[in-house]
Amino acid sequence: MPTVLQNIIRFILLVLFQVLVLDNIQFLGYINPYLYILFILALPVQTPRWFSLLLAFGLGISIGICSNTPGQHAFATVLVAFARDGIIKLFTSIEEGNNPTPSFYTFGVSAYIKYVVILVFLHNVALFFLESFSFVSGWIILTKVVLSSLVTILMILGIQSFSKK
Amino acid sequence: MKNLINFLIQYSVVFLFLFLEVISVTLIVKNQDYQKSVFLSSSNSVASTMFEWSNSVVEFFKLRTANDNLSEENTALKNQLVKLQNQLVSLKKETPDSIHFRIPPEMEYQFIAAKVIKCTTNKTLNYITLNKGALDGIKPDMGVVSDEGVVGIVKTVSTKFSVVIPIINPKIEISCKFKRSNYSGGLLWNGEDSRYANLNDIARHVELALGDTLITSGLTSTFPEGIPVGNIEDFKIKTSDAYYKIKVKLAVDFRTLSHVKVINYLNYQEQKDLEKKSEEQ
């Protein structure tokens, strides 16, 4: 399947899954996994940066409209898209001309885990602090950030370990 | 000039990044404004149609409890009807025709029944989307209740849908009082658990007991007096505190919420106009 089509389908599926299923999950009152960020994480490595930023903005707005908080999701998602290139350069040595999709196989297990953990955590921190800044005490936000990041990270790693090469 | 253009090209991605983030922050700030941004909320037609569709699937599983609640409410209402009819008959005998019965103006309200098509409980800023809008007479600032108690306040309205800020959103505070002692305070959610909220402003001389019932105070024009809000689950006071820390178990279970009523207070505009006028003078 061509990469473009694959990514379009992934975008639609992740938005629907996030809005219709994950946003309804209620577990301990804290956990709300934001799996949709997987779309940004799984963009091919050489995607032009300006393009991935615009995609991130569109993704964040779509998710945000459905949960009545448009700006927060857009901000956090764009931030992740911006930080992504630096993180990839830091942990991996992809040769010029190669354009792999990030996964366990292309990055190596430890590099891919680091990549996912850092970006998901960044996303959750930005999101939760923007969402509840000044409304809620810091400890509650921190618990939410840690638990939600953990679940999101496990979900992404789980999905990736099942996907083919 | 050439340098400048080179500079702009070199850092174009950074500028795009900053530009998008500025838009996002503007959206966050703009979204605080009441009653605007129908397009960027879940009351826009694409999002709400999707939720309506998904709700038609999920609703099936909530039918049993909804039925139970409805039949219970039905019985309660019938009992009340009988009681009121009896009262009316007895009053008619006692009073001559010259005295006519008048409903107090603050009690003149109607209910608009609506269905919840989206409701989050696990976020900090929770919102509820209803399947009724301006066409059905819903306006911003109207109160929303369910059979169990207070739900929230209408924020944005489109022609067919409306978005409600529930009490489990720290952006609103509901004025309520104790049924037993009439002391009132503001109920505020702390962002943690959708079943509980905190009550502030109750001074230490007030006597409290676990399980005391909280009802709406009727001091705002959004809710009439006497709608259940919740019960005291727990309260604490240190020797140095002037106010209690009260944990309230909310009457409404937001996780199973499916049918609500929007309160249309008929004399809203008149009361608001009068209050505004007297403030200006």
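Helix α4(B) lies largely in the open, because 0 of its 13 residues are buried. A residue is buried if 20 or more other C-beta atoms lie within 10 Å of its own, exposed if 12 or fewer, and partly exposed in between, with C-beta atoms placed from the backbone. The model is predicted, so local features need pLDDT of at least 70 and side-chain atom pairs count only at pLDDT 80 or more, while totals for chains, interfaces and linings use all residues. Residues are numbered from 1 along each chain as its sequence is written, and chains are lettered from A and ligands numbered from 1 in the order in which they are written.

**The two chains**

Helices (H or I, at least four residues) and strands (E, at least two) are DSSP runs, numbered from the N terminus. Chain A has 7 helices and 0 strands, in the order α-α-α-α-α-α-α along the sequence. Chain B has 4 helices and 12 strands. Of the 165 residues in chain A, 38% are buried; of the 281 residues in chain B, 31% are buried.

Two residues are in contact if their C-beta atoms, placed from the backbone, lie within 7 Å. Among contacts with a separation of 6 or more, residues 24 or more positions apart account for 67% in chain A and for 60% in chain B.

Axes are lines fitted to C-alpha atoms, for helices over the stretch in contact, and angles run from 0 to 180 degrees between N-to-C directions.

| Helix pair | Angle | Distance between axes |
|---|---|---|
| α3(A) and α4(A) | about 155 degrees | 7 Å |
| α4(A) and α6(A) | about 155 degrees | 9 Å |

The angle makes α3(A) roughly antiparallel to α4(A), and likewise α4(A) roughly antiparallel to α6(A). Angles under 35 degrees count as roughly parallel, over 145 as roughly antiparallel, 65 to 115 as roughly perpendicular and the rest as oblique.

The crossing of α3(A) and α4(A) is right-handed, and α4(A) also passes α6(A) in a right-handed crossing. A crossing is left-handed if the near helix is turned anticlockwise from the far one by less than a right angle, and right-handed if clockwise. In the contact between α4(A) and α6(A), the residues from α4(A) include Phe75(A), Leu79(A), Ile87(A) and Phe91(A), and those from α6(A) include Tyr115(A), Ile118(A), Leu122(A) and Leu130(A).

In the interface, 32 residues of chain B are in contact with 28 residues of chain A. On the side of chain B that touches chain A, the elements giving two or more residues are α2 and α3 (45–94) of chain B. The largest share of that side, 10 residues, comes from α2(B).

Helix α2(B) covers residues 12–30; at 1.5 Å a residue its 19 residues should span 27 Å, and its end C-alpha atoms are 27 Å apart, which agrees. The expected span is 1.5 Å times one less than the number of residues in the helix. The buried residues in α2(B) are Phe17(B), Leu20(B), Ser24(B) and Leu27(B). They cover an arc of only 85 degrees around the axis, which puts them on the same side of α2(B). The arc is that of the directions from the helix axis to the C-beta atoms. An α-helix has 3.6 residues a turn, so residues three or four places apart point the same way.

What covers these buried residues includes α3 (49–66) and α4 (70–91) of chain A. On the face of α2(B) turned away from the buried side are the exposed residues Ser12(B), Val14(B), Phe15(B), Val22(B), Thr26(B) and Val29(B).

Helix α4(B), residues 268–280, should span 18 Å with its 13 residues at 1.5 Å each, and its end C-alpha atoms are 18 Å apart, which agrees.

Most residues other than glycine have a negative phi. Asp141(B) has a positive phi, near 80 degrees, and sits in the loop between β2 (128–130) and β3 (143–145) of chain B. With 16 C-beta neighbours inside 10 Å, Asp141(B) counts as partly exposed. Asn182(B), which is not a glycine either, has a positive phi of about 70 degrees. Its loop lies between β6 (174–178) and β7 (184–188) of chain B, and Asn182(B) is exposed, with 10 other C-beta atoms within 10 Å.

Asn44(B) is in the loop between α2 and α3 of chain B and is partly exposed, with 18 other C-beta atoms within 10 Å. Asn44(B) and Thr159(B) are 115 residues apart in sequence and 9.4 Å apart in space, C-alpha to C-alpha.
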